[in-house]
There are 2 protein chains.
Amino acid sequence: MPDFQDLYAQLFEKLGEITDIRHALALLQWDQEVYMPPKGAYARGQQLATLAGLEHRFFTDTEMRLLIDALRDRTEDLSPEQAALVRETAHDLDRAVRIPESLVRLFAEAQSRAYEEWVEARRGSDFQRFQPHLKTMVDLSREKAEYLGYEESPYDALLDEYERGMTASQLRPIFDVLAARQSALVARIAESPHHPEVTWLDQDWNEAAQIRFCEEVLRDMGYDFSAGRQDKSVHPFTTTFDVQDVRITTRVNPRDFLSALSSSVHEGGHALYEQGLPVAFRRTPLADAPSLGIHESQSRLWENIIGRSHPFFRRYLPRLQQLFPRQLDQVTSADLYRAANRVAPSLIRVDADECTYNLHVILRFEIETALIEGSIRPEHVPELWNSKMRVYLGVDVPDDAHGCLQDIHWAHGSFGYFPTYALGNLYSAQLMEQAKKDIPDLMNNVDGNAFPELLAWLRDRIHCYGRMKNAGEIIEAATGSRPSPEPFLRYLEEKYAVLYPA
Amino acid sequence: MPDFQDLYAQLFEKLGEITDIRHALALLQWDQEVYMPPKGAYARGQQLATLAGLEHRFFTDTEMRLLIDALRDRTEDLSPEQAALVRETAHDLDRAVRIPESLVRLFAEAQSRAYEEWVEARRGSDFQRFQPHLKTMVDLSREKAEYLGYEESPYDALLDEYERGMTASQLRPIFDVLAARQSALVARIAESPHHPEVTWLDQDWNEAAQIRFCEEVLRDMGYDFSAGRQDKSVHPFTTTFDVQDVRITTRVNPRDFLSALSSSVHEGGHALYEQGLPVAFRRTPLADAPSLGIHESQSRLWENIIGRSHPFFRRYLPRLQQLFPRQLDQVTSADLYRAANRVAPSLIRVDADECTYNLHVILRFEIETALIEGSIRPEHVPELWNSKMRVYLGVDVPDDAHGCLQDIHWAHGSFGYFPTYALGNLYSAQLMEQAKKDIPDLMNNVDGNAFPELLAWLRDRIHCYGRMKNAGEIIEAATGSRPSPEPFLRYLEEKYAVLYPA
């Protein structure tokens with residue numbers, strides 16, 4: 001009879017090595033975005049391909065399959081953490097082995113070409129150029145979905161990679177409610193006579209002072225700079241090389257200091273999650289979020305619900321006035337609060353405000369489900385995009401660069417990724433509603449102990465589990481309710497009724 | 001009959017993947033020295049160990065052995081570059097497979113412990129603490145030498161890793177000449193009445209201005225910043241992720257701007273070599289120097305023969321006076337030249353001047369050969385060190401932190417590394433003597449075209465070969481003479497006779 005603890009030790013050791021390779025890959029990518037000189041790109045592509053290939057080979061090799069086959073049905077001999085590690089690894093492995101090596105390679109090659117063409121197509125606002133590559137990515141994704149298997153829609157097989165257990169048919173009614181109520185809210189705001197005056201924002205904001213301020217806020221939030229760092233990149237992101245090496249990047253707009261602030265606080269929210277994962281889960285797949293939606297809930301909670309609150313700007317106005325005395329001489333915390341929450345339907349998702357953001361997501365969800373389910377073809381995308389932009393946001397799309405070519409996701413073949421942004425918004429409001437109940441006077445106390453108390457609450461309810469619980473279990477255990485869009489809509493409608501009175 | 005071009009293509013592909021892993025390892029190390037937050041150290045150690053293990057496993061696996069066995073005796077079917085790649089890979093593989101996996105692992109573990117203990121021992125100047133670890137590293141290195149094989153001395157087997165084909169018995173007569181003539185030179189200098197006045201150097205030198213100046217000099221030298229970058233680290237180094245991604249680091253002393261300058265120019269010399277390797281050798285072991293001595297010749301040539309010349313300071317004085325107007329108001333190029341070349345026997349190798357540097361190396365060579373050959377034991381090292389410091393440099397060692405504990409090399413088990421520093425000095429002078437003949441008026445033209453012309457000469461004579469030629473062949477082809485200490489001694493004696501007249 002095999003010794004299960006011995007087999008488990010082998011699995012643990014092997015997963016440690018695989019995790020090391022994944023973290024080396026993450027470092028290669030971080031450096032590419034942050035410090036790599038331009039001519040380093042060619043070799044970096046090769047290094048990434050080699051390590052990604054190695055990672056896949058090791059993760060799906062015979063040894064791994066035998067270990068998981070021996071352990072998966074004997075989890076009663078293991079501790080709860082050990083059982084969770086076996087369960088999660090088995091899940092990942094089942095997905096990985098279903099897709100043939102040949103498709104993995106085809107997908108990676110097509111992805112690389114589609115990305116190159118997308119960059120050029122976006123530059124020239126030339127959808128025709130991207131269209132055949134979009135078709136390839138859709139076709140390969142549909143093929144992938146067939147290998148992965150699904151019950152209702154092939155889209156579900158893809159969505160499952162980012163938000164386990166979620167399906168298109170679960171999302172549709174949620175998104176219908178969001179679309180209706182957020183569109184109505186945006187229409188009410190458009191008619192409000194109380195739009196903020198923000199010309200004062202368009203001044204010179206010293207870059208070093210912006211960075212210093214962001215670092216101070218991150219420290220206040222509880223981000224541990226001895227286990228991380230902040231650098232600059234074109235597209236802000238968070239990356240993890242270990243629970244004690246979690247790095248973020250930000251961008252700096254010299255004419256709008258709110259840009260770096262919101263991106264630092266957003267990435268800081270992701271990073272607090274990663275730094276809060278148990279050290280005992282280090283070098284295993286358990287040291288991760290159970291879904292992208294849950295991860296995004298942490299960034300959105302800090303970025304929007306905390307970082308765009310009036311108490312937040314009351315707390316930081318004095319410090320901001322020290323750093324920018326001339327620019328903020330006549331500016332009040334209410335001015336900052338209103339500027340950070342100005343609502344204006346716009347073309348670009350990543351610049352969208354809280355009221356319109358989900359509408360951008362829903363439009364993409366509707367188009368990508370139709371593509372994957374085969375009810376539309378790639379050539380229909382621009383027209384569909386533009387008409388949905390008029391319906392949901394009331395804006396006219398001037399060209400595809402500001403329309404259906406703006407996001408990288410489809411060029412990467414990441415169908416099913418977009419919904420997790422909206423789910424993150426919903427989870428963030430539901431969690432925060434509960435946190436406000438559990439921590440008395442939380443929002444009135446932002447000056448004082450609110451950040452440490454909130455972080456402790458998040459650590460206790462979310463971060464400490466890693467992948468031990470799934471997304472639904474985490475939300476339900478933390479809030480006493482199943483995931484629901486109502487807390488988010490309540491939050492939004494109350495906040496903006498005050499900001500934009502009729 | 002096998003198709004040799006097909007086998008060669010397999011070898012080339014496999015070496016590409018192995019090189020990718022090596023470059024990922026280099027990035028993990030670079031980041032560790034330059035940007036990693038302190039708490040990242042634990043996981044980084046694991047990542048380095050995993051990737052190093054993978055690299056060794058792939059490089060010595062059955063597939064590699066079969067490919068090399070099939071190709072090594074059929075190089076007449078291959079092009080000269082292909083034949084060189086097979087020859088060099090066979091050489092590396094022969095060394096790698098001779099050492100059993102178990103010794104590789106033992107060595108890595110002992111190295112890691114010895115390094116930790118060395119750090120503490122040096123901090124507390126406590127040789128006793130380091131002694132058992134030094135003994136382990138010596139014992140394991142002697143065992144390694146037995147596996148590798150040698151004719152005269154076990155030391156030769158270790159030295160061969162850094163300077164192929166070199167032996168202790170070849171080095172001894174060279175080092176005897178250097179020791180005698182350099183000691184005599186140092187003694188003459190000590191008696192000279194013309195020691196420079198350098199109190200002006202001890203001022204505040206703005207760090208950003210120092211870095212900017214170093215970058216300008218590097219650009220003038222021909223370092224391509226679109227294929228590299230400069231960052232700060234405690235110990236300056238050069239690292240390569242590709243021929244088009246070659247990075248250097250420097251250190252900044254706020255009270256001595258010559259420190260950053262010499263370290264940037266030194267590392268710049270290494271980096272010009274790496275950036276000058278043929279793009280066609282990318283992702284193969286040919287994209288490397290044939291020996292550390294040859295590599296060091298490039299850094300020493302730029303650092304000392306160019307970067308510590310009077311024409312160099314004549315060229316840069318106006319720019320330095322722009323950057324540091326107050327500090328350099330009364331300073332002449334001759335003052336800079338004399339300050340950069342002041343000679344003073346001192347305790348620390350890395351701070352040593354041109355006249356004493358080799359003496360530090362020779363002392364270490366004598367001690368480490370004796371350790372490896374078994375004629376002394378680790379407990380004898382401090383006494384031997386201190387007495388040799390008195391003989392060669394006339395200085396008294398106050399404690400082991402400033403004596404035999406100062407260098408990391410023995411803690412790393414890198415016996416045989418030190419001589420390559422001295423060989424680099426010799427090669428640099430021999431090459432420069434020839435370059436001055438080939439490029440008319442080179443040193444009088446430092447203001448104008450000298451750097452590009454010198455770089456073109458080095459590219460043509462050295463950089464373009466990678467490992468196609470060995471160290472001796474390169475020196476002989478470039479200079480028409482076999483490697484010799486005479487050009488270096490001529491350079492030194494002439495330069496310092498003028499700087500320190502009797």
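**Chat about a predicted model**

Biologist: What share of the residues in chain A is buried?
Modeller: This is a predicted model. In it, 57% of the 502 residues in chain A are buried.

Biologist: What secondary structure does chain A have?
Modeller: It comes to 19 helices and three strands. The radius of gyration of chain A is 23 Å, close to the 23 Å from the globule rule for 502 residues, so the chain is as compact as a globular protein of that length.

Biologist: What does the C-alpha trace of chain A span along its principal axes?
Modeller: About 75 × 50 × 50 Å.

Biologist: Which residues have the most contacts inside the largest nonpolar core?
Modeller: A:Trp302 and B:Trp302. That core has 326 residues.

Biologist: What is A:Trp302 in contact with, leaving aside neighbours within four places in sequence?
Modeller: Its contacts include A:Met221, A:Val265, A:Phe451 and A:Leu458.

Biologist: New topic. How many positive and negative side chains are in chain A?
Modeller: There are 54 positive and 77 negative ones. The centres of the two sets lie 2 Å apart.

Biologist: What is phi of A:Asp441?
Modeller: Near 65 degrees, a positive value. A:Asp441 sits in the loop between helix H16 (419-438) and helix H17 (450-461) of chain A.

Biologist: And B:Arg283, where is that?
Modeller: In the loop between helix H10 (257-275) and helix H11 (292-306) of chain B. B:Arg283 has a positive phi of about 65 degrees.

Biologist: Is B:Arg283 buried or exposed?
Modeller: Buried, because its relative accessibility is 14% and the cut-off is under 20%. A:Asp441 is at 49%, so it counts as partly exposed.

Terms used. Residues numbered from 1 in each chain as written. Chains lettered and ligands numbered in written order. Predicted model: local features only at pLDDT ≥ 70, side-chain atom pairs only at ≥ 80, totals over all residues. Heavy atoms only, no water. Core = buried A, V, L, I, M, F, W, Y, C linked by side-chain atoms within 4.5 Å. Buried < 20%, exposed > 50% of the residue type's maximum accessible area, 1.4 Å probe, protein only. Contact = heavy atoms within 4.5 Å. Helix = DSSP H or I, 4+ residues; strand = E, 2+ residues; numbered from the N terminus. Rg over C-alpha atoms; globule rule 2.2 N^0.38 Å. Lys, Arg positive; Asp, Glu negative; His and termini not counted. Charge placed at Lys NZ, Arg CZ, Asp CG, Glu CD.
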